Structure formats: structure tokens, C-alpha cells
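Dear colleague,

My notes on what was found in it follow.

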Amino acid sequence: MPGARLCNTTLDALPPAIVRPTYDRAGTRIGIVHLGAGAFHRAHQAVYIDDLLAEAPDWAISAVSLRSSDVRDALRPQDGLYTLVRIGEQETLRVIGAIGELLCARDERDAVLARLASAQVRLVTLTVTEKGYCLGADGLDFDHPDIVHDLAAPDAPASAIGLVVAGLRQRRARGVAPYTVLSCDNLADNGGRLRRAALQYAQRIDPELARWIESEVAFPRSMVDSITPATDDALRERVAAQLGCTDAWPVQREPYTQWVVEDRFCNGRPPLERAGVTLSDDIAGHDRAKLRLLNAPHSALAYLGALMHLATVADAMRQPTLAPFVETLMRVDIAPTVAVPAGFDADAYIDAILARFRNPAIRHLLAQIAWDGSQKIPVRLLGTIADALAAARPIERLCLPVAGWLRYVVRQAQVGVALVDPLAAVLTSTAAAASGHAHRDIDAFLAIDAVFAPLSGDARFVEALAAAYAALGNASPAAVAGALERAMQGAGR
């Protein structure tokens, strides 16, 4: 098929090794509208739906981009088909057919609103990133330009919130049952915050509409996880060589994927559990497990690995002292502090995380994970330390990545590299005055209440952090390796 394009007519001619839809695409019907048709949605939620369409053909997706027409223009000539590349030690290709329609709200608003108003649509999902919700400190940001525009012209909305409410408004006026609105963005209490924003917006337009939404519409919470590197020309060329035809916009993803959804829908739902989705009433518990068992080790690898002059997570997991330290941190020090949801297998989750960390095909830069430490350290590590102290558990190993962060901040200041952090100014100023004396340096950093209060008043934490800081010595690779080796002594405690 030289020069051919991936589409319905070329699907059957693909090489046998390429996995493709096993259902009749012509027999599917649009039941989901997805706002934010980026790579993550196409590598994640759309794949779960693709797994279900053979038995649940009423749940195909209308993929809507809010502003950019790039995805629509790339995939509409391909009948919505695209390739998912799972990247690991062995690469696999699969053509996804779950997207039955592609729209751009900027120049096809009427078509988007008509689709949202259709009784056939029973679920609206979103991956628009946190900024796409137009949130402020107390819910919806009414000064956001898109919200100002939408309140002035609610029948011609530009924002995700405006589109969701406009569709619900039309359904209510026509006597059509509402759809469930499901946020799939990594945003704490995503369903609750989306619901609050939608109600605040609807209240300004029509208080009766707001009351109807409050009583009739479901906004489940969810959690999603899978690393999805950006598509580049190298991926396109690799995919074309294996397909024997052109795919304008393939996506790539690590083999691991997770989707946890609160089972609270108002108008039916796809049989998500049959595709591997976890249905749970404890989304906060899953978020907490991810934060402590995945994100905290990521930070440990980032700071301690950076001090050892390593570049990526996979590089760090090949380091003979750092990898076992991080695994011990997860299994011995962190896992006992995590109140896991019912049915959650912590050991299996840790096994999966370690396999992800070791994936050589994912180039996850430690320097990037190290950004915004002042925001990440409190929620990823300090909460665990507080819980360990309350349970009279040892905290020495838990303090080592925190001390690693401080040593990293000092090193960056000494070599004149700017920190990417909302508290960069105060951190850099404190680091510039560091003398290397553990207690003096630690006391200065602990005075940054935005990071360390109230733990900074606990003498046990202060002593353990100072000891960890001192153990890292001059923070050279050899000094860090020595500190890690010593920390592993008594690892069975």
C-alpha cells in the first residue's frame, strides 16, 4: 500500500501482526462525547472503549477538540482510525477504532451542541487539563475570558464548562434525560470540582437549570494513569514502516494503564469493568495510594538520582544502590502508612510501579520530575512522615529523599541553575546561604512554613532530617551511594 493512508478501506490490508478492531465499526453508535481529543485520551480512555464496542456498540466516541483543528484534520481522512504503540522492551501496534466522529468546537460549534443534545449520548468525558476548567480559588473563575464570553453568549460557548452546561440546557428544554459528566484529568476531587463549577455557571444563566443539574446530573470522580510521550516524526515513520501505510497521528504509551471511576452514573454507562476499569467508591483512596506509592518514589529517584548525575528514571533504576533503596522505601516505609481501598493489592501495585520505572523505552527525565519540589514534597513525603511518626514508626529512610531535595536545591544554587518552583526565590536565597553544616542549613530551610509547617516543630523530624542531610555529605555521587547503603542496613525494620 505505498502512499496509502490508514482508513476503513485499508484496514483489512494491514500486516497480520497489527491488532485491529474486531467489531463492525459501521454498526457502532455515538454514546460518548469526549472534550479534549489529545494524545492521552486516545491512548487511554478510547482504548478501554475500543475493548468494549464488540459487546456494547452504543458507546462509540465523538472526539471534540475545543480550539485546535489539528486532530480532526489529521484523523477525519482516516475515518477516526489511528495507531496505538505500546512501548516497552517489545513494541506492539494496535489500530483503535473507538472514535466514530471528530469535531472542533471552535468552527463546528453547532455540530458539537447537536451531538451533546442527542438522546443517544449518555456520557460526556473530559481531558482538558486543570486550566481547561477555568477554576479559581472558590470554584469557577468568573473573570476568566472564556467564562466572561460564555456568560454573555451561553448559546455559543467556548469553554468546556460552557459546552457541558449548554448541552444539558438543551436536553432539559427538550425533555431529554441528562448525561453523566466524567472528568478524566488528574485533578484532586475532579468530579466534585467540575460539578461545583458547572452549578456556579448554570446559576448565573438560569437558576432553575442549576437546580435541575444539581438533582439530576452525575459527576463521578476518577483517577487515570499511564505515561504517554508526545508523538514525533520518528514515531510516525516507525508506524508507517510497520503498517505499510501512513498514519498522520499515531500515539504511544507505556504498557501500564489504570482507570479508576466512581460508579455513579445518571443515565446508564458502558460495562467499563469488563475492559479492566476499576469501579470504586473510594477514589480518594486510590489517589492517596498513587501519591504515596508512585509519586513519592518518583521524587526520591529525581533528587537522589540527580545528585548521582543520572538523567532518567530508567537510568536511576539501573543504579545498584538507588533502586533497592527506593523499593525498600516503598515496601517497608510507605506502604504501611497507606490506607488502601477495599480490594487494593499494594504488593502487586508496587510490582507494577517498579516495572514501569525500569521500562527503558520511557525516557522520563529526572530533571523534569524535580520541578516544583516545594509543592510536591509536602504531599508526597511529609504526610507519610507525619503518619509514621504518629504510629511510632522509623522515619530515617523517609527523610533521605527530603534531604536529597534540599541538597539538590543547594547544588542548583551553587552552580547558578534556576529552580523551576513557585518558591524559587526563597529556596534559592536560603540555599545560597547554606554552609554545609547540617543543623544550621536544616533550621534555615525549616523556617519555610509553606513547605514544612507543622512538622518543623517536631524534634524527631528535625533530628532525622538533619541526620539525613549530614549523611549525604557533599552530595557527590559517591557520598549519595554511601548514604543509601547505610540507609539499607536494618531494612527489615
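**Cavities**

The largest cavity is lined by Ile227, Leu294, His298, Val313, Ala314, Arg356, Phe357, Asn359, Ile362 and His364. Please bear in mind throughout that this is a predicted model. The space in this largest cavity comes to about 80 Å³. Helix H11 (313–317), together with H10 and H13, supplies part of its lining, each of these elements giving at least two residues. By class, the lining of the largest cavity consists of six nonpolar residues, three polar and one charged.

The count of cavities of 30 Å³ or more comes to two. The second largest cavity holds about 40 Å³ of space, and its lining is made up of Ile32, His41, Gln45, Ile49, Ile61, Leu123, Thr125, Trp259 and Leu272. Two or more of these lining residues come from H2, and two or more from strand E6 (123–126). Six residues in the lining of the second largest cavity are nonpolar and three are polar, with no charged residue.

Glu254 belongs to the loop between E11 and strand E12 (258–261), whereas Arg356 sits in helix H13 (residues 346–358), so the pair ties together parts that are 102 residues apart in sequence.

A second example is the salt bridge between Glu101 and Arg115, whose closest N and O atoms are 3.0 Å apart. Here Glu101 is in strand E5 (residues 99–104) and Arg115 in helix H4 (residues 109–117); the pair therefore ties together parts that are 14 residues apart in sequence. Over the whole structure, the search finds 32 salt bridges.

**Sheets**

Strand E5 also belongs to an open sheet of five strands, ordered E5-E2-E1-E6-E9 and paired in parallel. Its edge strands are E5 and strand E9 (180–183), each of which pairs on one side only. From one strand to the next, the twist averages 20°. Four bridges join E6 to E9 in the parallel sense; Leu126 has Ser183 in E9 as its bridge partner.

Another open sheet contains three strands in the order E4-E3-E11, with mixed pairing. Strand E4 (92–96) and strand E11 (251–253) stand at the edges with a single partner strand each, so one side of each is left without a neighbour in the sheet. Neighbouring strands of this sheet are turned against each other by 25° on average, direction ignored. Strand E3 (residues 82–86) and E11 run parallel and are joined by three bridges. Leu84 has Val251 in E11 as its bridge partner.

Which helices lie across E3, E4 and E11? Helix H2 (residues 45–52) does so, running at about 75° to E4. Helix H9 (residues 233–243) also lies across these strands, and runs at about 105° to E3.

The largest pocket contains about 1500 Å³ of space. Its lining comprises 41 residues, and those nearest the centre are Asn186, Asp225, Lys290, Asn295 and Arg380. Two or more lining residues come from each of helix H1 (39–43), strand E10 (222–225), helix H10 (283–307), helix H14 (366–369) and helix H15 (373–390). Which element gives the most to the lining of the largest pocket? That element is H10, with six residues; H10 also supplies at least two residues to the lining of the largest cavity. By class, the lining of the largest pocket has 16 nonpolar, 14 polar and 11 charged residues.

The volume of the second largest pocket is about 380 Å³. It is lined by 22 residues, of which Gly36, Ser65, Leu66, Arg67 and Ser68 are the closest to its centre. The lining of the second largest pocket divides into nine nonpolar, eight polar and five charged residues.

With kind regards

Terms used
Residues numbered from 1 in each chain as written. Predicted model: local features only at pLDDT ≥ 70, side-chain atom pairs only at ≥ 80, totals over all residues. Heavy atoms only, no water. Pairing = 2+ DSSP bridges. Axes fitted to C-alpha atoms, helices over the stretch in contact; angles between N-to-C directions. Contact = heavy atoms within 4.5 Å. 1 Å grid on protein atoms, 1.4 Å probe; cavity = no way out; pocket = protein on both sides within 12 Å on 5 of 7 lines; lining within 4 Å. Points joined across faces, edges and corners; volume = space filled by probe spheres on them. Nonpolar A, V, L, I, M, F, W, Y, C, P; charged D, E, K, R; others polar. Salt bridge = Lys/Arg side-chain N within 4 Å of Asp/Glu carboxyl O.
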